[in-house]
Amino acid sequence: MPPCGNCRQILGDYMPDCWVIVEDEGGLCKVRAKELLPFPYRAEY
């Protein structure tokens, strides 16, 4: 089961270079957490 949107945001904030295993058409594959959420929320102050 792939991580939900909230989990993707948290992974992208705290561990963007960690590996996440997801399923695609060809089976399981590894991707970086930062690749799962291409346009993450970023607070600008």
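Okay, let's start with the cysteines: counting a disulfide as a pair of cysteine sulfur atoms within 2.5 Å, the count comes to zero disulfides. Take Cys18, which is in no disulfide; its nearest cysteine sulfur belongs to Cys7 and is 11 Å away. Then there's Cys29: the closest cysteine sulfur is in Cys18, 14 Å off, so that is too far for a bond.

A quick word on what we're looking at. This is a predicted model, where local features need pLDDT of at least 70 and side-chain atom pairs count only at pLDDT 80 or more, while totals for chains, interfaces and linings use all residues. Residues are numbered from 1 along each chain as its sequence is written, and side-chain values use heavy atoms, with hydrogens and water left out.

Now the layout. The protein has two helices and two strands, and these are DSSP runs numbered from the N terminus, with helices being H or I of at least four residues and strands being E of at least two. Going along the sequence, you read α-β-β-α. The C-alpha trace spans about 40 × 15 × 15 Å along its principal axes.

Let's do the strands. E1 pairs with E2, residues 27-32, in the antiparallel sense over six bridges; for two strands to pair, DSSP has to find at least two bridges between them. A hairpin takes you from E1 to E2 through two residues.

Buried residues make up 20% of the 45 residues in the protein.

Which residues form the largest nonpolar core? There are six of them: Cys18, Val20, Val22, Val31, Ala33 and Leu36. E1 and H2 are the elements that give two or more residues to this core. By nonpolar core I mean a set of buried Ala, Val, Leu, Ile, Met, Phe, Trp, Tyr and Cys residues joined through side-chain atoms within 4.5 Å.

Setting aside neighbours within four places in sequence, Ala33 is in contact with Leu11, Met15, Pro16, Cys18 and Val20, where contact means heavy atoms within 4.5 Å.

Over in helix H1 we have Gln9. Buried or exposed, what does Gln9 count as? Buried, because its relative accessibility is 15%. Not counting residues up to four places away in sequence, Gln9 touches Leu37, Pro40, Tyr41 and Arg42. And on reach across the chain in general: of the contacts between residues at least 6 apart in sequence, 22% join residues at least 24 apart.

Last stop, the charged pair. Side chains of opposite charge can pair when their charged atoms come close. How many salt bridges does the structure hold? One. Here a salt bridge is a side-chain nitrogen of Lys or Arg within 4 Å of a carboxyl oxygen of Asp or Glu. The two partners are Lys34 and Asp17, whose side chains meet at 2.7 Å, N to O. The pair links distant parts of the chain, 17 residues apart: Lys34 sits in helix H2, and Asp17 in the loop between helix H1 (5-14) and strand E1 (19-24).

Both partners also have an accessibility value. Lys34 is partly exposed, at 47%, and Asp17 is partly exposed too, at 42%.

A bit more on Lys34 before I sit down. Helix H2, where you find it, covers residues 33-36. Leaving aside neighbours within four places in sequence, Lys34 is in contact with Pro16 as well as Asp17. Gly5 is 29 residues from Lys34 in sequence, and the two are 12 Å apart in space, C-alpha to C-alpha.

Terms used
Buried < 20%, exposed > 50% of the residue type's maximum accessible area, 1.4 Å probe, protein only.
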